[in-house]
Amino acid sequence: MTALGQNLKIDADRLWDSLMEMAKVGPGVAGGNNRQTLTDEDAEGRALFQSWCEAAGCSMGLDQMGNMFARREGTDPDALPVYVGSHLDTQPTGGKYDGVLGVLSGLELIRSLNDMDVKTKHPIVVTNFTNEEGTRFAPAMLSSGVFAGIHTQDWAYAREDAEGKTFGDELKRIGWCGDEEVGARKMHAFFEFHIEQGPILEAEGKDIGVVTHGQGLSWTEITITGKDAHTGSTPMPMRRNAGLAMARVLEAVDEIALSHAPHAVGAAGHIDVYPNSRNVIPGKVVFTVDFRSPDLDVITDMEARLRVAADKIAAEMGVDIAYEKVGGFDPVAFDEGCVTAVRDAAERLGFSHRDIISGAGHDACWINRVAPTAMVMCPCVDGLSHNEAEEISKEWAAAGTNVLLHAVVETAGIVA
């Protein structure tokens, strides 16, 4: 095995051209993408990715959740593969890079190794995980979750979208349901390259984020029931205003998260108000509180304090309150060896870098349960993501992919 040199680099123009070509599939209305999972547009993007992989000499595997695996052989047929990848599906108003960069950087890695005639001991496999976003079929990271044994396949197949269509039926409809058992593959390691989806790297002028941990997440759905009443004729002391009670609970959420600064966060993104009429005091609200932290004890504390504070508010205001834990996962500590490979690659290539905690969930968070895993991040403009205005530079994409290349090849073992 030989040492890795700085001249081992990807073709930045080719990577960028591939990103722009994929962005033509399922275009959004404002410059981004709407390529939601298991739609016709998803099928088209998958076909384009497969054609590129086969042109690069890879064989394509497909499992029963639609996860795609493009394999470049290694010199040792018995060596477990090093996996790299992310997802091709997008939000309804998604950007051109979230997830897609992680898949196409893996493809570019293989193309570049082919160009330089570099052989590795371990095979390298580029992966596209199905339904990472979870926007059409909840929850997020669904197929990597089945792969890692978090969810059962039958449960995943039964997930329904807003129109009542099931994941299993739609996977078969678009023609991307394979025969391979989900999770049967064994991995030597897994690496995922992703845009930060936050403002830290750009604000600090860092080229690379070395992801050491992933935040844990807790989703609690809260239902507050008061009494519908006329906004004009109901005296203030006689109101049972569910909307006001929610506002006070959300103020408590903010205070609870701030008490664990700087790494804990909390908010409510999904809010339904009933009857949602201009001249009716809300009689019912349903909202989901999202707490996140890299420390499980902090998440547990925030959940407990939320219930104490909310119960007190409900009692004071004469409204009823109910809770349901509707989602979540524990914090993730990525593999020290894989993290070191990423950090060493950034230093070897002369890129500025910092350790960072991922504030979002990623397929790597589940795969970390079954294989040594790490993530690489690059900046995104203004930290904007899940938005069609999401943007990165060609230079950021190339820097992250070169770090990915070196970390993967070091782990896979370059052969002289």
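1. At 38% relative accessibility, Lys165 counts as partly exposed, where partly exposed lies between buried, under 20% relative accessible area, and exposed, over 50% (1.4 Å probe, protein chains only). Its salt-bridge partner is Glu163, with the closest N and O atoms 3.4 Å apart, and Glu163 is exposed, at a relative accessible area of 63%. A salt bridge here is a side-chain nitrogen of Lys or Arg within 4 Å of a carboxyl oxygen of Asp or Glu.

2. Please keep in mind that this is a predicted model, in which local features need pLDDT of at least 70 and side-chain atom pairs count only at pLDDT 80 or more, while totals for chains, interfaces and linings use all residues. Residues are numbered from 1 along each chain as its sequence is written, and side-chain values use heavy atoms, with hydrogens and water left out.

3. Across the whole structure, the search finds 20 salt bridges. One of them joins the side chains of Arg71 and Glu73 at 2.9 Å, N to O; Arg71 is partly exposed, with a relative accessible area of 21%, and Glu73 is likewise classed as partly exposed, at 48%.

4. Arg136 and Glu170 also form a salt bridge, their closest N and O atoms being 2.7 Å apart. This pair links distant parts of the chain, 34 residues apart, since Arg136 sits in the loop between strand S5 (124-128) and helix H4 (142-147) and Glu170 in helix H6 (residues 167-173); helices (H or I, at least four residues) and strands (E, at least two) are DSSP runs, numbered from the N terminus. Arg136 is buried at 13% relative accessible area, and Glu170 is buried at 6%. Both residues belong to a network of salt bridges that also takes in Asp40, Asp161 and Arg173.

5. The largest nonpolar core has 94 residues, and those with the most contacts inside it are Phe49, Leu104, Phe191 and Ile392; such a core is a set of buried Ala, Val, Leu, Ile, Met, Phe, Trp, Tyr and Cys residues joined through side-chain atoms within 4.5 Å. Helix H12 (residues 394-412) supplies the largest share of this core, 11 residues. A second, separate core of 22 residues includes Val249, Ala264, Leu306 and Ala310.

6. The UniProt record, an unreviewed entry, lists residues 215-315 as "domain: Peptidase M20 dimerisation", and such annotations may be inferred rather than shown by experiment. In the model, the chain over residues 215-315 is 37% helix and 34% strand, with its end C-alpha atoms 33 Å apart.
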